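Trainee: Could you take me through the metal site of this model closely, and then show me how it sits in the rest of the chain?

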Amino acid sequence: MSPGPLACPSCASTHPLEARFCPDCRMPLVYAGRGGLEAPITDRHDRVRKIKPQFADGELVRVAGGRNQAEAEFIQALLLEEGVPSLLRRSRGFDVPDYLAAGPRDVLVPESGAATARDVLLQARMAPAEGTAAVPARRVLAGVLGGAAVVAGVAWVGTELLG
Ligand SMILES: [Zn+2]
């Protein structure tokens with residue numbers, strides 16, 4: 001089958017202009033290169049479009065840290081909403097295999113975007129008040145564990161009151 005200008009929105013097979021439905025999926029065909037067929041590229045374009053060029057200059061500086069990949073990506077998305085591009089890097093000194101999503105990440109932004117990034121993070125309460133001062137990971141972990149203990153205590157008290 002020679003590739004045509006039409007594509008199936010379901011299986012992405014291409015078809016000649018005279019076809020109307022995908023023979024496999026019975027889906028109405030659309031023009032290739034439009035709609036959801038290039039979702040990943042559109043996504044990337046979207047990201048690039050959000051970045052403000054005035055925030056993309058200078059050396060990379062660390063503005064925040066995530067306890068893991070997911071948290072770091074969340075921070076990255078927050079920054080991008082304000083037009084600040086960022087880069088994630090595995091924090092040094094943690095012996096976690098590269099393929100694991102676990103382990104802390106540094107969030108780095110270009111120097112010209114750092115002030116805005118810190119504002120964004122302060123508003124989201126995700127950065128220490130003074131500059132790039134990092135909270136030692138062990139203290140963060142202790143805080144998390146402490147919080148869990150408090151929650152467990154509350155749950156226990158709740159059970160006692162109910163019983
Ligand atoms: Zn199809």
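Mentor: Cysteine 22 is buried, with a relative accessibility of 1%; buried means under 20% relative accessible area, exposed over 50%, and partly exposed in between, using a 1.4 Å probe and protein chains only. Cysteine 11, by contrast, counts as partly exposed at 36%. Before we go on, please keep in mind that this is a predicted model, in which local features need pLDDT of at least 70 and side-chain atom pairs count only at pLDDT 80 or more, while totals for chains, interfaces and linings use all residues. Residues are numbered from 1 along each chain as its sequence is written, and side-chain values use heavy atoms, with hydrogens and water left out.

Now to the metal. The zinc ion has as protein donors the SG atoms of Cys8, Cys11, Cys22 and Cys25, at 2.2 to 2.4 Å. Donors here are N, O and S atoms within 2.8 Å of the metal (3.2 Å for Na, K and Ca); water is not among the atoms, so sites may look incomplete. The angles subtended by the four donor atoms run from 104 to 116°, which makes the arrangement tetrahedral; for four donors that term requires all angles to lie between 85 and 135 degrees. The ideal angle for four tetrahedral donors is 109.5 degrees. Along the chain, the donors follow the spacing C-x2-C-x10-C-x2-C. Cysteine 11 belongs to the loop between β1 and β2, and cysteine 22 to the loop between β2 and β3, so the pair ties together parts that are eleven residues apart in sequence.

Those strands deserve a look too. Helices (H or I, at least four residues) and strands (E, at least two) are DSSP runs, numbered from the N terminus. The order β2-β1-β3 describes an open sheet of three strands with antiparallel pairing; two strands pair if DSSP finds at least two bridges between them. Its edge strands, β2 (14-15) and β3 (30-31), each pair on one side only. Between β1 (residues 6-7) and β2 there are two bridges, in the antiparallel sense, and leucine 6 has histidine 15 as its bridge partner in β2.

Alanine 32 is partly exposed, with a relative accessible area of 38%.

Stepping back, the chain has four helices and six strands, running β-β-β-α-β-α-β-β-α-α from the N terminus on. Of its 163 residues, 23% count as buried. One of the buried residues is glutamine 76, with a relative accessible area of 17%, and glutamine 76 lies in helix α2. Leaving aside neighbours within four places in sequence, glutamine 76 is in contact (heavy atoms within 4.5 Å) with Ser86, Leu87 and Leu88.

Helix α2 (69-81) also takes part in the packing of α3, whose buried residues pack against β4 (60-66), α2 and β6 (105-110). These buried residues of α3 are Gly113, Ala114, Ala117, Val120 and Leu121. After α3 comes arginine 125, with a positive phi near 55°.

Definitions and conventions
Four donors count as tetrahedral if all angles lie between 85 and 135 degrees; four count as square planar and six as octahedral if opposite donors are over 155 degrees apart and all others between 65 and 115; anything else is irregular.
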